[in-house]
Amino acid sequence: MWLYPYWIIRRNSLQGVLFKRFGEKFGFITGNIIQVILFGMMHGIPFGLATQNIPVTIVMTILPGAFGWFQGWMNEKKFGGSIITSWFLHGTINVIVATIALYLGR
């Protein structure tokens, strides 16, 4: 439960504030690239520190980064700049991944 405030702050700060500001200043593509790099690193670095495994770190940086690109595009191009849709999508993905991890961990 303690991660929920962190998750909301992270999502708001990346896509709600930073992406908007970088997008306004540098354009959509550059703003989204900056957001993707930060989003990927926020996922990959903790996994890398936890596993000490470089391939896992790379995968856990690139996959969320690609998903972050899609979310940035979706928010800005399809939903008028709202991050609510990506909140629900990200939460759904987290539930699916956690369920799979629990199932495989049995």
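This note sets out numbered points on the predicted model shown above.

1. Basis of the note. The model is predicted, so local features are reported only at pLDDT of at least 70 and side-chain atom pairs only at pLDDT 80 or more, while totals for chains, interfaces and linings use all residues. Residues are numbered from 1 along each chain as its sequence is written, and side-chain values use heavy atoms, with hydrogens and water left out.

2. Overall fold. The protein chain contains four helices and zero strands, and its pattern along the sequence reads α-α-α-α. Helices (H or I, at least four residues) and strands (E, at least two) are DSSP runs, numbered from the N terminus. Of the 106 residues in the chain, 25% are buried. Buried denotes under 20% relative accessible area, exposed over 50%, and partly exposed the range in between (1.4 Å probe, protein chains only).

3. Helix α2. This helix covers residues 28-51, 24 residues in total, and its first and last C-alpha atoms are 34 Å apart, close to the 34 Å expected at 1.5 Å a residue. The expected span is 1.5 Å times one less than the number of residues. A bend of about 25° occurs at M41; the bend at a residue is the angle between axes fitted to the seven residues ending there and the seven starting there. The buried residues of α2 are G31, N32, Q35, V36, F39, G40, H43, G44 and G48. Just after the helix, Q52 adopts a positive phi of about 55°.

4. Helix α3. Residues 54-78 form α3. Its 25 residues should span 36 Å at 1.5 Å a residue, and the 35 Å between its end C-alpha atoms agrees with this. At the start of α3, a side-chain oxygen of N53 comes to within 3.3 Å of the backbone nitrogen of V56. Burial in this helix involves P64, G65, G68, Q71, G72, M74 and N75. G80 follows α3 and has a positive phi, near 60°.

5. Nonpolar surface patch. Which residues form the nonpolar patch on the surface? The members are I29, I33, I37, M41, I45, L49, W69, F70 and W73, with about 840 Å² of accessible area together. Patches consist of residues with over 30% relative accessible area and no salt bridge; like charges are joined within 9 Å, and nonpolar side chains (Val, Leu, Ile, Met, Phe, Trp, Tyr) within 5 Å. Accessible areas come from the Shrake-Rupley method with a 1.4 Å probe, and for residues only the protein chains shown count as cover. Both α2 and α3 supply at least two residues each, and α2 gives the most, with six.

6. Salt bridges. The structure holds two salt bridges, each defined as a side-chain nitrogen of Lys or Arg within 4 Å of a carboxyl oxygen of Asp or Glu. In one, K20 pairs with E76, and the closest N and O atoms are 2.5 Å apart. This pair links distant parts of the chain, with K20 in helix α1 (residues 3-26) and E76 in helix α3, 56 residues apart. E76 is partly exposed, at 28% relative accessibility.

7. The pair within α1. E24 and R21 form a salt bridge at 3.6 Å, N to O. Both residues lie in α1, three residues apart, about one turn of the helix. E24 is exposed, with a relative accessible area of 62%, whereas R21 is partly exposed, at 48% relative accessibility.

How values were computed. Polar contact = N/O pair within 3.5 Å; in protein donor to acceptor, adjacent residues only side chain to side chain.
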